[in-house]
Amino acid sequence: MAEEAGGGVVVYWRPMCPYCMRLLTQLWFTRLEFSKVNIWRDPDAAAFVRSVADGNETVPTVTVAGRAMVNPSKGELLEAVAAYAPHLLAKGEGG
């Protein structure tokens, strides 16, 4: 989770999750740089998601500069980036 410490965006996801695919597809149409972590392949990531999602493996869970958001919309995510990591947004993007 080095990206968190550096103020980045990390999307925790799992295969076959329609909510994950929706958010990831929406993010691909932005210029926002982010890392993806498959919680089914990374037990530490799964444990992190459970720690911020009331014990559940609710995905997508996203961190923005270390701040966790459980199942955010694209708009909520971009608002958080604008507030906590504005250097990651392309000019003209944001909530």
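This report describes the sheet, the core and the side-chain links of a predicted model.

## Basis

In this predicted model, local features need pLDDT of at least 70 and side-chain atom pairs count only at pLDDT 80 or more, while totals for chains, interfaces and linings use all residues. Residues are numbered from 1 along each chain as its sequence is written, and side-chain values use heavy atoms, with hydrogens and water left out.

## The sheet

Helices (H or I, at least four residues) and strands (E, at least two) are DSSP runs, numbered from the N terminus. An open sheet is formed by 4 strands in the order β2-β1-β3-β4, with mixed pairing. Two strands pair if DSSP finds at least two bridges between them. The edges are held by β2 (35-38) and β4; each has a single partner strand, so one side of each is left without a neighbour in the sheet. From one strand to the next, the twist averages 20°. Axes here are lines fitted to C-alpha atoms, for helices over the stretch in contact, and angles run from 0 to 180 degrees between N-to-C directions.

β1 and β2 run parallel and are joined by 4 bridges; Y12 has V37 in β2 as its bridge partner. β3 and β4 (residues 67-70) run antiparallel, also with 4 bridges, and T61 is partnered by V70 in β4.

## The core

A nonpolar core is a set of buried Ala, Val, Leu, Ile, Met, Phe, Trp, Tyr and Cys residues joined through side-chain atoms within 4.5 Å. Buried means under 20% relative accessible area, exposed over 50%, and partly exposed in between (1.4 Å probe, protein chains only). The largest such core has 28 residues, and Y12, V64 and L77 have the most contacts inside it. Two or more residues come from each of β1 (9-13), α2 (18-28), α3 (43-52), β3 (61-64) and α4 (74-84). The largest contribution, 5 residues, is from β1.

## Side-chain links

A salt bridge is a side-chain nitrogen of Lys or Arg within 4 Å of a carboxyl oxygen of Asp or Glu. The count is 1 salt bridge, in which the side chains of E57 and R50 meet at 2.5 Å, N to O. E57 is partly exposed at 34% relative accessibility, and R50 is partly exposed at 33%.

A disulfide is a pair of cysteine sulfur atoms within 2.5 Å; the whole structure has 0 disulfides. C17 is buried at 2% relative accessible area, and C20 is buried at 1%.
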